Amino acid sequence: MKLNVRVLTPDGVLFDRNDVDEVIVPTSTGQIGILPYHAPLLTGIEIGVLRMRVENNWVPFISLGGTASVISNSIQIMLTMIEEIPDITLETALEELETCRKELENTKTKKEKLGAEQNYQKAYAKVQGISFLNTVKNS
């Protein structure tokens with residue numbers, strides 16, 4: 001049995017497949033793994049790495065928030081924004097993360113802090129995604 005997965009953004013349908021083996025969703029309480037026959041679920045999605053396994057190949061993305069619903073082996077994921085994992089080294093991603101951390105420390109207003117926190121979370125998700133891809137390549 002496979003999962004039917006549909007990923008929607010404000011720009012339209014990004015991903016629509018019926019041959020997905022597993023989905024891992026970043027939520028506010030951690031990651032949720034979804035396999036066939038998963039119980040019905042509605043959850044919020046946080047900034048993080050969204051992973052889908054298709055034919056034993058992992059397809060990771062950086063999600064920038066949204067919701068996911070699971071009903072009868074069908075998953076609908078609605079995201080405010082999604083990005084591919086950038087083709088950069090882990091070292092470059094870690095440098096970006098450090099830059100974002102420093103910017104966060106130096107914010108003065110609540111508005112600046114909100115933007116800096118989102119940039120930091122996005123940079124952290126890049127580090128996670130690149131680390132994940134490196135692990136998959138080396139296994």
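At 24% relative accessibility, Trp58 is partly exposed (buried is under 20% relative accessible area, exposed over 50%, partly exposed in between; 1.4 Å probe, protein chains only). The model is predicted: local features need pLDDT of at least 70, side-chain atom pairs count only at pLDDT 80 or more, and totals for chains, interfaces and linings use all residues. Residues are numbered from 1 along each chain as its sequence is written, and side-chain values use heavy atoms, with hydrogens and water left out.

The count is 1 aromatic pair. Trp58 and Phe132 form it edge-to-face, at 5.8 Å centre to centre and 90° between the planes. Rings of Phe, Tyr and Trp (its six-membered ring) pair if their centres lie within 6.5 Å; planes under 30 degrees apart are stacked, over 60 edge-to-face, the rest tilted.

## Phe132

Trp58 sits in strand E5 (residues 57–71) and Phe132 in helix H2 (residues 110–138), so the pair ties together parts 74 residues apart in sequence. Helices (H or I, at least four residues) and strands (E, at least two) are DSSP runs, numbered from the N terminus.

Phe132 is buried, at 16% relative accessible area. Arg51 lies over the face of Phe132, 4.5 Å from the ring centre. The criterion: NZ of Lys or CZ of Arg within 6 Å of the ring centre and within 35 degrees of the ring normal.

## Val25

Val25 belongs to strand E2 (residues 12–27). Val25 is buried, at 1% relative accessibility. Beyond its neighbours within four places in sequence, Val25 contacts Gly30, Gln31, Ile32, Ile34, Ile45 and Leu50 (heavy atoms within 4.5 Å). Leu14 is 11 residues from Val25 along the chain, and their C-alpha atoms are separated by 16 Å.
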